[in-house]
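Open the model in your viewer and keep the sequence panel beside it. This tour tells you what to select next and what is there.

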Amino acid sequence: MIEKKFDPQKLQKLNNPQRLKDISPDFIWNKLNPKKTDVLVEIGAGTAFFSIAFLKQAKAAKIYACDLSEVMIDWMKKNVITKYPNIAPVKTEEVLIPLEDEIADIVFTINLHHELDNPIQTLKEAYRITKPGGKIFIVDWKKESPVGPSVQIRCTPEQVKNQLEVSGFRQIDLYNDLPMHFLAIGEKD
């Protein structure tokens with residue numbers, strides 16, 4: 001069996017600045033074109049590396065950096081919240097995010113989708129916490145990318161689009177412009 005979950009012992013890999021070149025926050029932000037950015041939620045935040053990047057893009061009042069790994073939550077508490085008090089680490093389960101209904105203007109995941117055991121349940125939970133008119137974006141590995149997780153556990157953009165639709169999101173756009181990743185963006189009516 002192929003292990004799907006990221007090994008928290010390798011967390012320093014998550015802080016590699018090259019990731020900001022491979023997954024450009026500017027590119028995503030331009031495609032996202034959000035109306036409101038008061039509250040963002042990152043599911044599978046790891047070390048909050050991208051939460052920090054999108055805090056700078058959004059100038060958000062609050063980012064909830066959600067993760068199911070106690071190692072990641074502790075790392076964020078020690079290394080992130082002192083420098084970025086707008087980022088709040090939140091311990092979650094894969095299909096249970098302990099945040100209020102309709103709290104987020106933007107919900108996002110980066111290189112998480114292929115790890116999910118029940119992606120539709122996770123996306124329904126994302127839908128629950130997204131405000132009407134809010135958006136979700138998902139970045140994950142292209143099947144043909146020469147690096148990344150096992151190709152057997154990767155998903156296609158079309159699979160993600162279908163899962164977003166089943167979960168209630170609409171106006172879904174797919175982008176293949178990133179070198180090794182695809183981007184899916186959806187909206188809550």
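Two residues are in contact when they have heavy atoms within 4.5 Å of each other. Take the contacts between residues at least 6 apart in sequence: 71% of them join residues at least 24 apart. Keep in mind that this is a predicted model.

**Whole chain**

Start with everything shown as a cartoon. The protein has six helices and seven strands. Follow the chain along the sequence and the pattern reads α-α-β-α-β-α-β-β-α-β-α-β-β. The radius of gyration is 15 Å, close to the 16 Å that the globule rule gives for 189 residues, so the protein is as compact as a globular protein of that length. Along the principal axes, the C-alpha atoms fill a box of roughly 40 × 40 × 30 Å. Colour by accessibility next: of the 189 residues, 54% count as buried.

**Stop 1: helix H4**

Select residues 70-79, which make up helix H4. Which residues of H4 are buried? They are Met-72, Ile-73 and Met-76. Now look down the axis of H4. The buried residues fall within an arc of 100°, so they line one face of the helix.

Then step back to Ser-69. This residue caps the N-terminal end of H4. Draw a distance from its side-chain oxygen to the backbone nitrogen of Val-71, and you get 3.2 Å.

**Stop 2: the aromatic rings**

Show the aromatic side chains. The structure holds seven aromatic pairs. Select Trp-29 and Phe-54 for one of them: the pair is tilted, 6.0 Å centre to centre, with 40° between the planes. Trp-29 lies in helix H2 (residues 25-32) and Phe-54 in helix H3 (residues 49-58), so the pair ties together parts that are 25 residues apart in sequence. Buried or exposed? With under 20% relative accessible area counting as buried, Trp-29 qualifies at 13%. Phe-54 is buried too, at 0%.

Move on to Phe-108 and Phe-137. This pair is stacked: 4.9 Å centre to centre and 10° between the planes. Phe-108 belongs to strand E4 (residues 104-110) and Phe-137 to strand E5 (residues 130-141), so the pair ties together parts that are 29 residues apart in sequence. Phe-108 and Phe-137 are both buried.

Now select the four rings together. Trp-29, Phe-54, Phe-108 and Phe-137 form one aromatic cluster.

**Stop 3: a charge over a ring**

Select Lys-188 and Tyr-127. The charged end of Lys-188 sits over the ring of Tyr-127, 4.5 Å from the ring centre.

**Stop 4: His-114**

Go to the loop between E4 and helix H5 (119-129), where you will find His-114. Its relative accessibility is 5%, so His-114 counts as buried. What does His-114 touch, leaving out residues up to four places away in sequence? Show Lys-4, Asp-140, Trp-141, Pro-149, Ile-153, Arg-154 and Cys-155.

**Stop 5**

Most residues other than glycine have a negative phi. The next two residues have positive values.

Select Ala-48, in the loop between strand E1 (39-43) and H3. Its phi is near 70°. Ala-48 is buried, with a relative accessible area of 0%.

Now select Gln-171, in strand E6 (residues 170-175). Gln-171 is not a glycine, yet it has a positive phi of about 50°. Is Gln-171 buried or exposed? With a relative accessible area of 57%, Gln-171 is exposed.

**Last stop: Asn-162**

Select Asn-162 in helix H6 (residues 157-166). At 43% relative accessibility, Asn-162 counts as partly exposed. Finish with one distance, from the C-alpha atom of Asn-162 to that of Ile-172. The two residues are 10 apart along the chain, and these atoms are separated by 9.2 Å.

Methods: Residues are numbered from 1 along each chain as its sequence is written. This is a predicted model: local features need pLDDT of at least 70, side-chain atom pairs count only at pLDDT 80 or more; totals for chains, interfaces and linings use all residues. Side-chain values use heavy atoms; hydrogens and water are left out. Buried means under 20% relative accessible area, exposed over 50%, partly exposed in between (1.4 Å probe, protein chains only). Helices (H or I, at least four residues) and strands (E, at least two) are DSSP runs, numbered from the N terminus. The arc is that of the directions from the helix axis to the C-beta atoms. A polar contact is a pair of N or O atoms within 3.5 Å; within protein, one must be able to donate a hydrogen and the other to accept it, and residues adjacent in sequence count only if both atoms are side-chain atoms. Rings of Phe, Tyr and Trp (its six-membered ring) pair if their centres lie within 6.5 Å; planes under 30 degrees apart count as stacked, over 60 as edge-to-face and the rest as tilted. A charge sits over a ring if NZ of Lys or CZ of Arg is within 6 Å of the ring centre and within 35 degrees of the ring normal. The radius of gyration is taken over C-alpha atoms; the globule rule is 2.2 Å times the number of residues to the power 0.38.
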